[in-house]
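Subject: Structure for your files

Hello,

Here is the structure I said I would pass on. My notes on what was found in it follow below.

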Amino acid sequence: MELGNLSLTELRRLQSKVETEIRRRSDTARRDLIKRMQKMAAEQGLSLDDVLGTSSTEKAAAKPAKAAKTPKAKKPAKVSVVKYRNPANPDQGWSGRGRKPQWALDWLAQGKSIEELAV
């Protein structure tokens, strides 16, 4: 088949037929693979759902794979529970998360235990 001799309409028609055939063969290959995998799992006394951890293999096989979305990083929850309190200034507290405040570092530098500051 010489593509250079085809008109634009004929090329588009051919393109459509090629895309349809690719989809059909891809679906057939996917179904065949699922059947083989089910047989292999059954030989081991398992179902394919057990192996893959899915609830409906046929649904998963019928849908084309989508690109995985990258989950957005969640901001850490604000911590309002004070676990440690500054003995020199009771208004200053620290939850124990994140960087130690300077007053806690000074306390530790004196050789004292952080547990002494526990609320």
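Read from the N terminus, the elements of the chain come in the order α-α-α-β-β-α. That makes four helices and two strands. Please keep in mind that this is a predicted model, and that the values below were computed from it.

The chain overall

The chain has 119 residues, of which 13% are buried. Its accessible surface is about 10,400 Å², and carbon and sulfur atoms account for 54% of that. Among contacts with a separation of 6 or more, 22% are between residues 24 or more positions apart.

Helix α4 covers residues 102-109, and its buried residues are Trp103, Ala104 and Trp107. Viewed down the helix axis, these buried residues fall within an arc of 100°, so they line one face of α4. Gln102 and Ala109 are exposed on the other side of α4.

What do the buried residues of α4 pack against? Their partners are the strands β1 (84-85) and β2 (93-94). After α4 comes Gly111, which has a positive phi, near 85°.

As background, nonpolar side chains in soluble globular proteins tend to be buried together.

Setting aside neighbours within four places in sequence, Tyr84 is in contact with Trp94, Trp103, Ile114 and Leu117, among others. The contacts of Tyr84 also include Gln92, Gly93, Gly96, Glu115, Ala118 and Val119.

How many salt bridges does the structure hold? There are three.

Glu21 takes part in a salt bridge with Arg24, with an N to O distance of 2.4 Å. Both residues are in helix α1, three residues apart, or about one turn of the helix. Glu21 also forms a salt bridge with Arg25, at 2.8 Å from N to O. Glu21 and Arg25 are about one helical turn apart, because they lie four residues from each other in α1.

Arg25, with a relative accessible area of 55%, is exposed; the cut-off for exposed is over 50%.

The remaining salt bridge joins the side chains of Arg30 and Asp27, at 3.1 Å from N to O. These two are three residues apart in α1, so about one helical turn separates them. Arg30 counts as partly exposed at 27% relative accessibility, and Asp27 is partly exposed with a relative accessible area of 32%. Through shared partners, salt bridges link Glu21, Arg24 and Arg25 into one network.

The N-terminal end

Met1, Leu3, Leu8 and Leu11 form a nonpolar patch on the surface. Their accessible area together is about 440 Å².

Where is Leu3 found? Leu3 sits in the segment before α1, a helix that spans residues 8-43. Not counting residues up to four places away in sequence, Leu3 touches Leu11 and Leu14. Leu3 and Leu14 are 11 residues apart along the chain, and their C-alpha atoms are separated by 9.8 Å.

Regards

Terms used:
Residues numbered from 1 in each chain as written. Predicted model: local features only at pLDDT ≥ 70, side-chain atom pairs only at ≥ 80, totals over all residues. Heavy atoms only, no water. Buried < 20%, exposed > 50% of the residue type's maximum accessible area, 1.4 Å probe, protein only. Arc of directions from axis to C-beta. Contact = heavy atoms within 4.5 Å. Patch = residues over 30% accessible without salt bridge, like charges linked within 9 Å, V, L, I, M, F, W, Y side chains within 5 Å. Areas by Shrake-Rupley, 256 points an atom, 1.4 Å probe, with all protein chains shown as cover. Salt bridge = Lys/Arg side-chain N within 4 Å of Asp/Glu carboxyl O.
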